[in-house]
Every structure is written in structure tokens, then in C-alpha cells.
There are 2 protein chains.
Amino acid sequence: MAKTAGQREHTVADVAREAGVSKAQAARALGEYGAVSDAVRSRVVAAAERLGYRPNQLARSMNTGRSLSVGVVVGDIENPYFALATRGISDAVEEHGFTVVLSNTSERLAAERTAVEMLMDKRVDGLIVAPSTTEAGHLDSVLQAGRPLVLLDRGVPGLPVDLAGSDVSAAAVEAAEELIALGHRRIGYITTSRNDDNRASPQEPLSSPVASRVAALAQAFELNGLRWDESLLRDGLRGEASIASAVDDLVRDKATALIASDSLIGQVVIAALQQKGLRIPDDVSVLMYDDQPWARLLNPPITVIAQPTYDIGYTAGSRLAALIQRRSGLPPLSPFPGRLIRRASFGPVRSAHTGAPDAVEPLEPPMQLATDAGNSTCTRD
Amino acid sequence: MAKTAGQREHTVADVAREAGVSKAQAARALGEYGAVSDAVRSRVVAAAERLGYRPNQLARSMNTGRSLSVGVVVGDIENPYFALATRGISDAVEEHGFTVVLSNTSERLAAERTAVEMLMDKRVDGLIVAPSTTEAGHLDSVLQAGRPLVLLDRGVPGLPVDLAGSDVSAAAVEAAEELIALGHRRIGYITTSRNDDNRASPQEPLSSPVASRVAALAQAFELNGLRWDESLLRDGLRGEASIASAVDDLVRDKATALIASDSLIGQVVIAALQQKGLRIPDDVSVLMYDDQPWARLLNPPITVIAQPTYDIGYTAGSRLAALIQRRSGLPPLSPFPGRLIRRASFGPVRSAHTGAPDAVEPLEPPMQLATDAGNSTCTRD
DNA sequence: CGGTATCGTGAGACCGGTCTCAATCAGGTT
DNA sequence: AACCTGATTGAGACCGGTCTCACGATACCG
């Protein structure tokens, strides 16, 4: 029964008139609240059907105070990590009737601020943010306004808020120790984030994933009575060019192993190595964060630290929904453990390379070839 | 100045009172419309500042009729194609002050329908949809309602609407001819979409990318006086398992080249080939749609047909913004041409292949072969 | 200096729903 | 038959903005 185009939308009042009842009754029947007799209900529903009536969610939201949408603020939806996490978030919140309003910040604080403000103005019922820095002013005001907030991937020190993320430190230490055992002493770490560890005290847990990964690296060295050379950290990198030149620098600076802080960086790092004619793992060993499917297709397949990205997103979404519904007594979110998946991108350091460290005993080709037991990063098929 | 938590939000009325002016004047000053004296404006702004006033976009939207948000309905944000396109859309519409409301359909029509309805109810100012089928009822009613609509990637026959996508046929024909020249006669095409070409007449342009890609493939055969065996089309595939078994089937059915309809499929196809110990391109040539960065990292690097995905998204977003702003006389959107990027995954067909395949010369032990329990469909004796 | 165009202002309707409240109605009691 | 209870119903306020309109004040004009 579609009317001709450009028709003015029908309202409850129209439906009420058509059904011959009061606006209030029509609204009740359509909104499924309050008491309505069967007779009235069916007449109203029929009238609505006839008119092709659709409720105006804006109006509804305005006086219920619930917009049934949640804001999601990520650095970059193009990053597979965020893409997959967003999928998880979306699936979770949709189960509770919410839709996702998305905002990219390009990891810029200013963009993040305006995004959060915009979303607050649009009265989203809650917010999921992957903060690009540890600056918390704008997030604090979300809390002040009493709107639920869940952080994704990265925490903000001093902000008492649920965080859905992973704890990769165990896997990171494990990986680093294996590299050390293979003779690596100069291990480079490459990341786009800033390693800003501005905790109030060293006792606080590290909230930034990068900080905790770097700390794990250093810790592995200490466990072996060594010290990690912090000059091998390259952070705050923007753009492929600067990542590639960081690789250049590090290799020239005698790094024998490189750690890429996410798969986007990993791509560039590997490409840069290939371009320079350096072989993995003969010349340089490589560890990458995030287990993208392609990592195991390379030759050699790349050793990675996997995070259950979809689950992390899904958890963030579920928790946010719970908070919006004022469910209380929720246990704090515990981080998902990262998992080291050994493939073939670790190798012994070539003795000629460094000055002359301990001559590593002839390692058998380091193929632990642990099966990537079902190598799934997420629980979905 | 932050008040204690859970404060009721301030409204224009509050600001007006605080500034000692009428609600109307305060609203004008804050909304930046109508005539307001400098004196009043500054008093109002100051008062708003003092109270930490934030306008309620819902209320604003309700009587301007503009929600300043656009709906984006894609199959799966996790698919790099959509992730990147969404980024483009988002960047484009944000330039015009719109935010993105995102919905995943998992390529299911029912989900797509409800998503579109939901977004319409939320009064988005416009919609960008990557339709999962050629079913147009729900999209038609968007048009009926007079709300701007732009299609992404795939068209719908008979729906008079802008389409932002690419035309890969030239590149597809080119690639297929090269395969044919290399001796390939049995070329498999693998896709998750359905190849539903339900045009009213054969004269209409093909709207589904898959249909046009398959058509290009067939055309290349015809140009060479050959016929493509349509039984080598595997469409409507869901999940990695069914893709992998399609690869199995096709190889057993003597396909010597495989075309993967997107990068998600490409990953699985390549993994399946590796697992079976089949080498690219010696045993099977591979063409993939979408140029993901990892494609060139593989050994051999994969030949692909690239689409300017970000630009496609950006174009969709810009066009939608233009339509919302009632700009008229817009030229129809022309598709971006696909580009064949030749790498090293094409090779001549081995003449012996049809005979008794696996007298293959000693492959280096296929590296990972961490055969997951039981799975081995490798019936090749 | 009267007439009029312009600006600034406040009152109040309005957007399309929800929700309060008092009035009405039906059934069950005694 | 009078009384009580709970379900239905309609009128109208309300959410937080925008916008129309009428009115007073100022400015420009011949």
C-alpha cells in the first residue's frame, strides 16, 4: 500500500484518527506499554499497517532518555584489530537492541575528543572507547555525566572504568626469552602508539598495551641477567615510510630481531625486510602481535602473539549493555591472556652478526612446530 | 567546574535563566540562528560555559528533521574490503558533519531488512547499503520515504540509485586471457555471494560484481574460441570449511587455476592449497580480488585485481552527503576501473597434470603441515 | 519630523512520541 | 441495589530543542 513518494510520514495521531481512538491509546498500543484492550489494540495495529506507520525513534528516545545506540570510538576501523573488535561489539550490543555509532580518530586526541563530545550530544546510551592517549579529561566527563563507559584494548591510569582487553605479558616474556635463548641481544620494538607510561606510581598496573609489552620485553632480559637496550624502541611512528625507515635504522643498529606491535606494522616491517633482501629468520627474526590469517601463509610463517580480538570486542559490548541496564555487582573484567603461536620466524642469531656474544650452541632447527591448535583468534567460525 | 556525578543535564531553559534572558534568545545564541545582539550572545555563551551546557542533539534533530547521521549497512565490517570502504565513507560524511551508524548483516537478507528499518526509524538522513541480494523491497521503501540512498559495491537491477563501486571487467578479461594463454582451460571461481543474475533482460548491465566477474571470465574464453565450464563456479559459500572443500573439489576436478572473489576467500584458498602441498603457481595458478598488502608478501606474491576500495567508500559518502543536501544535477557515478597487478602466482599449466598428478618432483617438505586432526581429505593416493 | 524597514526580544506553538492523572467502565461483593 | 476494585480510556503536560509571530526599539528615508 505504499503511497507515492515524498509522503509526509504518518504519526501516532494519524493512526489514532484512522483507528478512531485517542492518541494516547494508539501510542500505548503501538509502543506496547500501559493497558490496552484487545479490541483497541487490533484496530490500532490494523490502522498502522494500513497507513504504513513507522514510529519515530528520535521522538521516542527524547522522552525515554534512551537512544538505544552506543558510541564506538576507535583509532582506525581499517586496522583489522579494530575491525574485528567492532564486529564483536556490534554483535554483542545488537543482542540487547542497541545499534552502533562509529567514529574513527586516526589515533588523534583532538579527533577523539570531538568524537566523544558529538556522541554524548547525540545521547548515546553508552560509550566504548579505545583511547589514543592516557589523557582522560573527555572520558572523565562522560563518567561525570553518568553515562556508562567501557575501554577497549587500552586503559587509562586513574580512570575507574571497565577495560576489555588482553594481557599479553606472559606470552610476551615467553617469546622474548626464546629469542634470548636463540642468542638475540638486540631486539627492536616497533609501534605506532606512544609508550607513555605516566602512571602515578610504579605499583599501578600498566594500562597501555605497548607499555606492558615493552616492560615484558625488558623483564625477559632481566630474568636472564641481561638488560634490554631501550634505544631499540621505536614508538609514535606514523605512516609506512617512517616504519620502513625505523626498520632500516634498527637493522643498521645491529638489531637481530624485530617485534611489530600490530599486524599493520608487521606488514610493513616484513615488506621492508624483503625489500632489503634480508631473510626471515636467517638474518632477522620477527615477532608480530595479532594473529592475522595471512601470517601463517607467509614463507616462513610468522610467529605471533594472538589475542582473541572478537571476544574482546564482544565482551566490551556485553559489559556496556549490562552497565546501561544498570545491572550491578558485576565482577571486574579480567583480561584475556595473549597466546604465543610459534611458527617459523624465529631463528638463531648468526654468530658473525653481533660483536661476538655467546657462541650459541648448534640449535636444531628450532621447529617446535607446535600445532597452532585450531589457530582461531576468535570463537566464530 | 564539574558538578558531582549523575547530575541532570542542563537545558536551554537553565542557561536562559542563568543568563537572564528568554529561552528563545538563549536558544538562538546557542544554536547560532536568528538575530541576537552581541551583549546577549556573550552573556548566554558565558552562562552556558559556566553550567557546562551541552545541546541535546536528539531534540534538535526532532524538529529540524535532520539527524546528522547516516546509516551504513555492510555485509561484514570484518572483511577488509568493507572495513576500508567504511573508513572512506566515514571520512567523507564527517567532512559534512554527519556521523556513521553501522550495521552488519552477515550477508543475510533478513538482517539487512531489519537493519534498514531500524535505521529508517532512527531517522538517519541517508543510507549507504551493500545489498546482500538483488531483493529490493526494503530499499525501495527507503526511496519511497524520500530518503537518499547510495549503493556500495553491488547494484540492484531496476533500482534507480547511485552505485559506488568498481568495474573490473576489463582487468578480469585481461587476467583470464593471460591464464588461457598459459594453457589453463579449467579455471575455478570461488565466492561467498550468490551469482544471482536476475536481470529483466540480458541488455541491462550486470549489477552484481560476481556476475560481471564471472561474465568476464566466460567472455575471455569466448574471445579465444573456447567455452568456460560453468560447473567450476562455486558460489554461496559460507565458512572456511566449505571454501576449503570447494578448493578440494575443484582441484580434484582438474582445475589448474583458481580465482578467489575476495581476500577473505583468497586466504582460505591459499591455505588450503598449502595444506594439500600444492604449489603456486607450479601446481595451481591463483588470482585474487582485492589487493591486500599481504598479497605481495607471500612467496610467490599473489597476482590480484585491485580496486580503490577507500575511494569507493569515500565516493559513496560524498555522494550521499550531496544528495542529503539536495544538490541536484549530479552526474551519475562512474565505476572505478579495477586494475590487474601482475605478480607471480600465474604459471603455465603443467602438461602432465591430467595424467597421474602426484609424481611431483621432491617438494621440500611442506613446512607447516601441522595437520589438524582428522581433517585430511587428501585422498590423493 | 512622521513613516517605515530592520533588528532584537519574549511568548508560546510545535516536533512526535511518552507518561501522569482523573474519569469511566466492567465485574464481583455483600 | 449500593460499593469496591481494577482495567481502560482520553486529555493534556512534558521531553529539549526550533521556529513563528507580534511587539518595542532603533535606524534610515525623504
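**Exercise 1.** Determine how the surface near DNA strand D divides by residue class, and which elements supply it.

*Solution.* By class, 15 nonpolar, eleven polar and three charged residues make up the surface near DNA strand D in this predicted model. Next, locate the residues: 29 of them surround DNA strand D, and the closest are S22(A), S37(A), V12(B), A27(B) and G31(B). Then assign elements. Two or more residues each come from helix 2 (23–31), helix 3 (38–51) and helix 4 (57–64) of chain A, and from helix 2 (23–31) and helix 4 (57–64) of chain B. Finally, the most is given by helix 4 of chain B, with five residues.

**Exercise 2.** Describe the contact between the two chains, and the strand pairing across it.

*Solution.* Begin with the totals: 51 residues of chain B are in contact with 54 residues of chain A. Among the elements of chain B that each supply at least two residues are strand 2 (99–104), helix 6 (109–121) and helix 10 (239–252). The side of chain B that touches chain A has 24 nonpolar, 19 polar and eight charged residues. As for pairing, strand 2 of chain A and strand 2 of chain B run antiparallel and are joined by three bridges. In this pairing, V100(A) stands opposite L102(B).

Notes
Residues are numbered from 1 along each chain as its sequence is written. Chains are lettered from A and ligands numbered from 1 in the order in which they are written. This is a predicted model: local features need pLDDT of at least 70, side-chain atom pairs count only at pLDDT 80 or more; totals for chains, interfaces and linings use all residues. A residue is near a molecule or strand if its C-beta atom, placed from the backbone, lies within 6 Å of it. Helices (H or I, at least four residues) and strands (E, at least two) are DSSP runs, numbered from the N terminus. Ala, Val, Leu, Ile, Met, Phe, Trp, Tyr, Cys and Pro count as nonpolar, Asp, Glu, Lys and Arg as charged, and the others, Gly among them, as polar. Two residues are in contact if their C-beta atoms, placed from the backbone, lie within 7 Å. Two strands pair if DSSP finds at least two bridges between them.
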